[in-house]
Amino acid sequence: MIDLIPYTLIGVGFGVIAGFVPGIGIFATLMILYPWLLDFTGLQLIAFYIGIASTTQYIGSITATVFAVPGESSSLPSVIEGHALYKKGQGGFAISGAAIGSFVGSLVVLVIVSLFVPSLENLYYFYSSYIQACIIILVLVLLIFSSSNRLIACVLAFIGYTLGTIGCRSIDDACFATFNNADLTTGLPLVSVVLSLYVFPIVINNWNVNFIDTNIDISTGKIIPHLKRYWDNIGASLRGTIVGFFAGFTPGLSTTMSSNISYGLEKWIQRRKKKYKLGNYPSLVSAETGNNAGSFACLLPLIVLGIPIVPSEALLYELASSRGFILGGENFTAEFFSNVAYLLVITNLIALAIAWPFAKYICYMSKINYKILQTIILIVLLAVVVYVGSQFFQSLYYLSVFIVLLPIGILFRKYEMLPLIFSFLVASRIDVLAISLSDLLSL
Amino acid sequence: MKKLILSVIAALMLATIPSVATAKEKLYIINSGSTNGTFNAILSAYASDLKTMYDVEYVQAKGCSKASVILKKIKKAKAFYISQGIKAATSDKCSASAFQPTQDKIIASDIKFGMIFGRIGDKGISDLKKGGNKIAYNTNPNKDWLAKLDRSLGVTNTHVKYKNSTGVMLAVLNGEVDLGFINSTKKVWQQKGKLVGLLSLNPEGDNGVPPLNGVANFNGAEKGQVDNFFVQGFSKSELIKFRKIIANLHKTDSTVGLWYKKAVGYVNTATWSRQDAIKAAKDYVNVWRD
C-alpha cells in the first residue's frame, strides 16, 4: 500500500492551496482537478482526498491567525482567538497549539475508531433527525451562553438565521425574500456574508493598530515552550477531540459544526472558571482539535457506509464509482480501514511538519508596512468575492451582497459575530430538520 | 544569451501556432441541480469527455431560476444543460421554455423509475398494504403520489419529508421510518446488503423488484420520470452532430459511458433515434402536467 503515498502527498499539496486561499475550498479544488482525477483508481482517489481534506484544516488556521481570514468556514473560531493571540505577540503559540491539537485530535480519534471497527456499520443510527437537531441546538446554546452579552448573541443568531433563510429551499421549493430576483433564489453567498460581517470588520477594527508578531517563527529549534503550553492545556484539546468527532457527522456542515461546538464548549468552561479573555489559548486549541477530529468523522460515513455527507465527498464518491470502486457497504473491511488509517497518520505528520515552517514564511510579511498589508488583504478579499461569484455568473450579486451587508458588519464590529455566522450556516439545515421532525411527530 | 532568448521565442511561437490552429469552440455546461447531487456527477463526466472537443466552462447555476437567467445571458453561445422533467411540468420556477422538451434543443433524456424500499428482514409489501407505516420521501410530487397510493390501498401512512434521497436512505437505515420512496434508485442498489427494493414504478419491474401496478393501480402507478439534456445556441445540423457525439460517448468506455454502466436504474435515450428520444421526453414530462 506504499504505492498510495504519492497520491496522499499530491493531496497534501493541494490541501495547502485550498486551506490558504479563502473561497477555494476542497469542493472547488476537486472540481478544478476533476479531469485529472479521472485517471486515479478508487483507492488512489481516497488517498488523495485524505491528503487534501486533512491538510486544509491545518493551513486554514494559519491564515485565520495571522490575517484574520478563514481559509475554511471551520476556521472561524481561529479568527477570533488565534488572531487575538497574534495581536498579543503570541501568534507562534496560536499556530503551534492549533497544529499540535489538530495532530493529537486526529490520532486520538483514529485509535478510538480502530478499536470499534466491527461496530462502525451501525454508524447510520447517528443520522437520526432527533440527534442531528439536538446537536445543532446544543451548538447554538453553547455559542450564545459563552458570549459576553447573551441578549445581543440571541439577536445576532436570529439575524443570521433570517439571512440564511433568504432564497429558495430545495426541500419544498418554498422561497423567502427573493423578490422575483433569480440571484436571490440561490440564497446569500457564504463568502460575501462571512467577509462582510466577520472578516472585514475585524481588519477595519485593527486599522489603527500597528502590530506584527515577529516571534511567530517557531521553526528555529525553540519547540519545548510550545509543547509545554500545549501539554498544560491538553484537557481542552481532548474535550475538543471528543465533541468535535461526534459533531463531524453532521451532514453538510461537518468540520464547521465540530470547530464551533468545541469552541463554544471550551469558551463556556473558561468563562465559568473566570479565565476567559479574548485570545484564549485553550478555546483555540479545542476548536482546532475538534476541527480535525470532525474531519476524520466526516470521512467515516463515506468509507464505511458509502454515504457522502458533504459536497466534496459526493464528488469523490461519483469519481470512485465511475472507476468501478463502490465505497462502503459490502466493500468495507477492516483491511480497507487499516489502509485508510495509515494514510491518515502520514498525512497528519506531513501537515504538522508543513504548518510550522509555513508560519516562518508568513513572518516575512512583517517587512511590509502594516497598513499596506491590511490594504492588500482587503483588496485580495474583494477580488475573492468577485472571482468566486464569477464561477456562478454572479460576480455583481456577490459584490452587491457584500456591500449591502458591510455596514451591518461595521455597526456590530464590537460584538462577537460567531452566533450570527453560525446561524447563517445552519439555517437551511434547521429548516430541513424542522420539516422532517414535524412530519415524524405528525405535528 | 541572444541564442537563448531566440530559442525561447521560437519555442513559444511553435507552441502558439498549433493552439491557434486548433482553437476550440466555447461550450458552457450548466448544472441546474445541487453540487452534491447526481446532476453534478453526470455533467462533470460529460465535461471531462467534451473537453477534448470544446473549450468547456462548467457553471453551477444552483436552481432553475438562475440557470434560466444564465442561459439568457449567454444566448448566442453554445450551452449544454440538464433539467428535471417533472419540475418543467410542475414547478413555476422551471416552467421557462428553456426547460421544455422541444426538438430545437432536446438532446436526450435519462428515464428512471422510482422505487419503494425497506430494510432487509423488516417491513415488506404486506405491511405497506396494512398501513400505519412511516414512509420517507423527498420531493413535492412524491408527496402527492404517496397520498394517491394510500387512497388506492385504502390505508393511512405517515409521510415524512427529507431533503434528498440520501436523507431518505439514512432515515430507512437508522429505523426512523419504516419505508422509503425515491426516484433515483442507484443509491438503494448500492446498499443492497442492507436495503431491499419492494415495489418499482417500472411496469416491467426493475432488476427483480416487482412492479407497483401489481399491488395498487391508480393514475400514476407507472409514472416514470425524466431528466432532460438540452442545448442552446446550436443550429439544427450542429445539434444533430452534437447528439452523435453524445451517443458515441454512451457507446464507448468514456467517462460518461462508464458512469452509466455502473448506475443501475437509468435508461439514457442518447442512442435512440432522435424522434423516439424527443417523443419519450415529451411523454414523460406531459404525464406529470395533470
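## Exercises on a sheet and a chain contact

Ala136(B) stands opposite Gly180(B) in E8(B). The model used here is predicted.

**Exercise 1.** Find which strand of chain B pairs with strand E8 in the parallel sense over two bridges.

*Solution.* Start from strand E8 of chain B, residues 179-182. Its parallel partner over two bridges is strand E6 of chain B, residues 134-137. Recall a general point: strands of a sheet pair through backbone hydrogen bonds, either parallel or antiparallel.

**Exercise 2.** Give the strand order of the open sheet in chain B and name its edge strands.

*Solution.* Write the order of the five strands: E7-E6-E8-E5-E9. The pairing is mixed. Now look at the ends. Strand E7 (158-161) and strand E9 (195-200) of chain B are the edges, as each pairs on one side only. On average, neighbouring strands are turned by 30° against each other, direction ignored.

**Exercise 3.** Describe the contact between chain A and chain B.

*Solution.* Count the residues: 40 come from chain A and 41 from chain B. On the side of chain A, helices H2 (26-37), H8 (182-185), H14 (311-322) and H18 (418-440) each supply at least two residues. Then sort that side by type: 21 nonpolar, 13 polar and six charged.

Key. Residues are numbered from 1 along each chain as its sequence is written. Chains are lettered from A and ligands numbered from 1 in the order in which they are written. This is a predicted model: local features need pLDDT of at least 70, side-chain atom pairs count only at pLDDT 80 or more; totals for chains, interfaces and linings use all residues. Two strands pair if DSSP finds at least two bridges between them. Helices (H or I, at least four residues) and strands (E, at least two) are DSSP runs, numbered from the N terminus. Axes are lines fitted to C-alpha atoms, for helices over the stretch in contact, and angles run from 0 to 180 degrees between N-to-C directions. Two residues are in contact if their C-beta atoms, placed from the backbone, lie within 7 Å. Ala, Val, Leu, Ile, Met, Phe, Trp, Tyr, Cys and Pro count as nonpolar, Asp, Glu, Lys and Arg as charged, and the others, Gly among them, as polar.
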